[in-house]
Amino acid sequence: LGLKLFPFAGFMSLSHLKGWDYVADVMWHMALPSITLMLALYIPVFVRISRASVVEVMNEDYITTVRAAGLKERAIFFRHALKNALVPVIQVAGMWLSSAFTGVIMTETVFSWPGMGMLMWSSLQQRDYPVLMGICVISGVWVVVMLLITDLICAAIDPRIMYE
């Protein structure tokens with residue numbers, strides 16, 4: 001706040017901008033909420049899951065067989081291990097996207113960002129139950145759609161996953 005590098009509230013400036021100036025202004029206002037959301041919630045868990053997945057895959061028997069064939073570690077990682085290590089990472093990323101779009105109440109409230117989280121918070125304060133039920137339905141549908149998309153992506157990446 002003291003440096004005044006970024007705006008700390010709102011979705012955009014009050015001036016009427018058009019074209020690329022509007023896009024740049026919205027991106028400038030999105031910087032702090034996005035950084036806060038990513039640093040606090042997503043990046044540490046994402047890195048931990050990615051590392052655990054890669055370590056687990058690199059200790060599999062087929063990787064040992066490929067190493068015995070004489071391939072370099074870089075080729076082993078990119079050709080054989082990465083595909084199998086991405087499956088849990090993609091599944092967690094799908095869950096994160098579903099939660100990010102359905103509303104992050106704390107971030108939207110702190111930065112005065114208009115979104116479903118802010119709508120849910122104001123509906124909770126006013127005891128507006130029909131709006132809360134609508135938000136829950138939309139959130140539930142969004143989570144199901146995101147899980148379906150992540151399952152389809154995982155099936156395309158990993159040939160061991162088959163749906164009938």
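Residues are counted from 1 along each chain as its sequence is written. In this predicted model, local features need pLDDT of at least 70, side-chain atom pairs count only at pLDDT 80 or more, and totals for chains, interfaces and linings use all residues, while side-chain values use heavy atoms, with hydrogens and water left out.

**View 1. Helix 5 packs against helix 6.** Helix 5 covers residues 116-126 and helix 6 covers residues 129-157 (helices are DSSP runs of H or I, at least four residues, numbered from the N terminus). Their axes, lines fitted to C-alpha atoms over the stretch in contact, sit 9 Å apart at an angle of about 150°, on a scale from 0 to 180 degrees between N-to-C directions. So the two helices are roughly antiparallel (over 145 degrees). On the helix 5 side, M116, L119, M120, S123 and L124 meet V131, L132, I135, I138 and S139 of helix 6 (contact means heavy atoms within 4.5 Å).

**View 2. S53 sits in helix 1.** This helix spans residues 20-58. Is S53 buried or exposed? S53 is buried, with a relative accessible area of 6% (buried is under 20%, exposed over 50%, partly exposed in between, using a 1.4 Å probe and protein chains only). Leaving aside residues up to four places away in sequence, S53 touches N84, A85 and P88.

**View 3. R127 lies in the loop between helix 5 and helix 6.** Most residues other than glycine have a negative phi. R127 counts as exposed, at 61% relative accessibility.

Notes
Parallel < 35°, antiparallel > 145°, perpendicular 65-115°, else oblique.
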